[in-house]
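Please keep the sequence and the model in view while going through the numbered points.

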Amino acid sequence: MSLQQLASQLQDTFPVGLVKAVEWRGDLAVTVTRDRLHEVAQYLHDDPAMDFDYIVHVSSVDWPDDEERFEVVYEFYSIKKRQRIRLKTRVPESDCIVDSLTDLWKGADFMEREVYDMMGIRFRHHPDLRRILMPDDYTEGYPLRKDFPLRGKGWRDTFEFLDETAR
Amino acid sequence: MAFEDQRTTVYKVDPAHPESETLPTLRTEELLLNMGPQHPATHGVLKVILELEGERLVKSTPVLGFLHRGVEKLAEDGTYHQFIPHTDRLDYVCAMYNNFAYCRAVEKLMNITVPDRAEYLRTIVAEVQRIIGHQFWLGTQALDIGAMTVFFYCFRDREILLDWFDELCGARLTTSWYRIGGVERDLTSSLLDKLKQFLDYFPPKIDEYVIFLETNRIWVARTKGVAVISAEDAVSFGLSGPTLRASGVDYDLRKAEPYSAYPKCEFSVPLGKNGDTYDRYWIRVQELYESVKIIRQCLEQMQDGPIMADVPSVTLPPKQRVFTNLESMIQQFKLFSQGFDAPPGEIYCGTEAHKGELGFYIVSTGGGKPYRLKIRAPSFIHMGAFDHMSRGYMIADAITLFGSYDIVMGECDR
């Protein structure tokens, strides 16, 4: 199945939930609405024509200027059909929660935990949603958000240096 | 004060005889044991909380992040070229393959075709790195189980290749030899000779490692049938590389999505049957033989030619020209200070490193820096299956399980 056929088949199956399908550099990226994410993922996983049995990665992108600020990105691969697909959905900051896909792919457990840790997106029905790379008691926000400073929080500039002549 | 010595009290609790209820019953509880983060067998700073029933593992919870350095955040601060040395520090045992995977991802984003000779050079060095990685793995895994001899033999042969890297790029571990669009420098005749010598020297040594391990009854008993994972579960957990292929799943990106010079070489992908630690070992040993085969074929097929793609807006000028030619100097300076202008878009590119699928997901909004760079690190994803694979086995098997993943914390925690 070519990428165009794959995209059009998804379009036919989910005329409402599918927002857009983009093909670029040989990668197919399908954006769905948040409420349809689990349904589409289940279809990709279970349908014999799709058979995306392998989870590649779960990632997230922060777009601070957009109304729906965060983008959750799933990437799947079909070992039998040798095909990749990227499934994306958008969530607003005020209510950043999406359905977890741990019931379909077991590997999603750690990957979603990482997204939660780094971007602060919560996953509904996730069995063990805790921070994974940062310490459990870390309260200074989510490091990969764009408003998290890239070069420290400025406290280094407040150091008082001794005058060289006074030493 | 009199103590009741409980150790000498003999309790006989027999459910068939109700009178035994009057006897005191043994109190049992699960024992929590912290393994790591300062434990030599955890291959770095990994902590695992083990819940034990006797010596059996009931549940294990990996605690990651002791080596988290925020590499993905760092990537957003530098240009594409500047990120190459950071990739060395991901999987610090096999820096070359990280460079390779990253450069391939950026080349996909920029739509650059790498010249033929560079592709062969990349494949040769990547396979040398695979040999180093598997030797390191074999040595440390055997050491974890207590077979110390193999460790010394592997490291002796690994030294030859590390010295070869030293001559190639001036560093043994943090190499940064790959460049976007090609490689940094060509193989000299001395390097070629040394590599050919090594290829003749090495295969008998692999046989030697195998004899050492497979005639060791303790080692065999501790690897066969230990930490079994079914093919279905391995796929569902997203395992990759030898860890996945040990369960019999035929998934190798070198074959599935051929890249570089791999489609021009003939090699086979060994598959396991049982999905246990022994099969994961066996696959890696077979891959050593295959790597030697691939390098031999590449050396035979390689023709003279450029080693860097000619795309001046993206690729670096040859180093000799930078010091003698004004335009090349300016090009080099601009590429490093401002970077090149990447088109807006997003790509994912996976590469078969020796641990598994090492992938980079890059989101670009134009400009010289990546907007978001996500690293798909096989070690991290393998840790996700740790609890599933360790349940029901002994504490000592947990150690061999880390070993069989070939875990490196620099990559796991990023």
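1. A residue is called buried if 20 or more other C-beta atoms lie within 10 Å of its own, exposed if 12 or fewer do, and partly exposed in between, with C-beta atoms placed from the backbone. By this rule A:Asp51 is partly exposed, because 16 other C-beta atoms lie within 10 Å. A:Asp51 also has a positive phi of about 60°, although it is not a glycine.

2. This is a predicted model, in which local features need pLDDT of at least 70 and side-chain atom pairs count only at pLDDT 80 or more, while totals for chains, interfaces and linings use all residues. Residues are numbered from 1 along each chain as its sequence is written, and chains are lettered from A and ligands numbered from 1 in the order in which they are written.

3. Helices (H or I, at least four residues) and strands (E, at least two) are DSSP runs, numbered from the N terminus. A:Asp51 is placed in the loop between helix H2 (37–46) and S3 of chain A.

4. A second residue other than glycine with a positive phi is B:Arg414, where the value is near 50°. B:Arg414 follows helix H17 (409–413) of chain B. B:Arg414 is buried, because 25 other C-beta atoms lie within 10 Å.

5. Chain B contains 17 helices and eight strands. Its C-alpha trace spans about 95 × 50 × 45 Å along the principal axes. Of the 414 residues of chain B, 47% count as buried.

6. An open sheet of chain B has three strands in the order S6-S7-S8, with antiparallel pairing; two strands pair if DSSP finds at least two bridges between them. Strand S6 (345–352) and strand S8 (372–376) of chain B are at the edges with a single partner strand each, so one side of each has no neighbour in the sheet. Eight bridges join S6(B) to strand S7 (residues 357–364) of chain B. Within this pairing, B:Glu346 has B:Val363 in S7(B) as its bridge partner.
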